[in-house]
Amino acid sequence: MTTTILCAGALARPRPVTPGDDPQTGAGTLALAANGALARTIRRARIVGRSRQSALVPDELPHEAWLRERFALEGAVAACALSAIDEADACGLMVRPVHLHLALDHLVLAPPESLGLGREEAAQLVDRANAVLADEGLRLRALDPGAWRLEAIDADRAPDEIAALARLLARSARMAIGRNVDAYLPSGAAARRWRQLSNLVQMSWFEHPLNLAREADGRLVVNGLWLEGRAGRPAARPFERVLSADETVAGLARRAGIESHPLAAEPGADDPALQRVGDALAGSGALLLVPEFWRRAVGDGDEPGWAQAWRAFDRWFEALFAANPRLAASGIRLVLTGERSTIELLGLPADRWKPWRRLALAALLREDA
């Protein structure tokens, strides 16, 4: 049985490595424990997969592409964070309430989680938005404060419009954080219609009492909707169990009928989920672990924070091996992704007897830069 660890953002170093840089020294130093479990695993591992997106604006993040391919998903990976009302209904669209910051001549997307939106606040915004969407035969449902569903009011009246919006190329909000949103907005035949709908909602929230109160409290106002797309049903079941700190991966696992358990957002050595890993290893079938060490640092462009995330992952990996001796007798697949690239490393028990392998994380980062 192979245990796969998906490390989204692990290669997305906010400050590109330039020729002559030593990733082990200087500001934002990145140094793993020389004889730790992670360094040993990487040192003896083989590169079994490598890809890089070359498009000026990719359609999806590398870890999203990896997940979509593994689960044979028809639809947007990011939209899998949406709780399903009716599994038979594949046309519900996921939208996120967001804050768009006005720069000199463009809009910049703030991290959606920075809103800190509560359930009552989400309900107020949805009620106001639905007052203007009703004439369009559409409505929003706040199934979660940060993950809403756009659907037709009458199944006989507007299903075609929902289906048209579902065919848009909708890039995940995670791609556009901190950037000019123009290049990441939905594209396709119904793009103009989506802009009309989102503008209606934006105007309905302008000077909304809730936003005025948030602004007075120094909190970000909610002034936009981000279309994540349609969450379809996976056609493959590549893992027996999934432990994830990412709500999107957890939702994807549920849709595939896979046993899923939570990980802490930034799991530490005392994370109770380490015991769940041991329980999973005692069973059979492939296991997927998805910790979330790098997301915040990558979104904030925080290079020292990204290096610190690597050190935290190093400590967690060590604790994972200490708590689960079975890992040493099974294969470990590390899937490292960045802004455009994916590198898959495979370490097998027999690799410990191959001292000629000297793969180093620093070399991988230089090659990926």
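The legends below describe close-up views of a predicted model.

Residues are numbered from 1 along each chain as its sequence is written. Because the model is predicted, local features need pLDDT of at least 70 and side-chain atom pairs count only at pLDDT 80 or more, whereas totals for chains, interfaces and linings use all residues, and side-chain values use heavy atoms, with hydrogens and water left out.

View 1. Helices and strands are DSSP runs numbered from the N terminus, with helices (H or I) of at least four residues and strands (E) of at least two. Six of the six residues of β3 are buried, so the strand is largely enclosed by the rest of the structure; here buried means under 20% relative accessible area, exposed means over 50%, and partly exposed lies in between, with a 1.4 Å probe and protein chains only. Both faces of β3 are covered, with Leu93, Val95 and Pro97 buried on one side and Met94, Arg96 and Val98 buried on the other. Two strands are taken to pair if DSSP finds at least two bridges between them. Strand β3 (residues 93-98) pairs with β8 in the antiparallel sense over six bridges, and Arg96 stands opposite Trp226 in β8. Strand β3 also pairs with β7 in the antiparallel sense, over three bridges, and Val95 stands opposite Trp148 in β7. Strand β8 (residues 224-230) has six of its seven residues buried, so this strand too is largely enclosed by the rest of the structure.

**View 2. Strand β11 and its parallel neighbours.** Strand β1 (residues 2-7) runs parallel to β11 and is joined to it by three bridges, with Thr4 standing opposite Leu288. Strand β9 (residues 241-244) likewise runs parallel to β11, joined by four bridges, and Leu243 stands opposite Leu289.

**View 3. Aromatic rings.** The structure holds 12 aromatic pairs, where rings of Phe, Tyr and Trp (its six-membered ring) pair if their centres lie within 6.5 Å, and planes under 30 degrees apart count as stacked, over 60 as edge-to-face and the rest as tilted. Trp148 lies in strand β7 (residues 147-152) and Trp205 in helix α6, so the pair ties together parts that are 57 residues apart in sequence. Trp148 is buried at 0% relative accessibility, and Trp205 is buried with a relative accessible area of 2%. Elsewhere, ring pairs link Phe293, Trp294, Trp310, Phe313, Trp316, Phe317 and Phe321 into a cluster.

View 4. Rolling a probe the size of a water molecule over the atoms shows where empty space is left. On a 1 Å grid over the protein atoms alone, a cavity is a set of points where a 1.4 Å probe fits but cannot get out, and lining residues have an atom within 4 Å of a point; grid points are joined across faces, edges and corners, and a volume is the space filled by probe spheres set on the points. By this rule there is one cavity of 30 Å³ or more, and the largest cavity holds about 30 Å³ of space. Its lining is made up of Leu133, Leu150, Trp194, Leu197, Ser198, Val201 and Leu225, of which helix α6 (residues 191-205) supplies the largest share, four residues. The lining divides into six nonpolar residues, one polar and no charged, with Ala, Val, Leu, Ile, Met, Phe, Trp, Tyr, Cys and Pro counted as nonpolar, Asp, Glu, Lys and Arg as charged, and the others, Gly among them, as polar.

**View 5. Loop residues.** Ala72, in the loop between α2 (62-71) and β3, has a positive phi of about 50° although it is not a glycine, and Ala72 is partly exposed with a relative accessible area of 32%. Glu207, in the loop between α6 and α7 (209-216), has a phi near 60°, a positive value in a residue other than glycine, and Glu207 counts as exposed at 54% relative accessibility. Gly188 is found in the loop between α5 (173-176) and α6 and is partly exposed at 47% relative accessibility. Gly188 and Leu168 are 20 residues apart in sequence and 5.0 Å apart in space, C-alpha to C-alpha.

Technical notes
1 Å grid on protein atoms, 1.4 Å probe; cavity = no way out; pocket = protein on both sides within 12 Å on 5 of 7 lines; lining within 4 Å.
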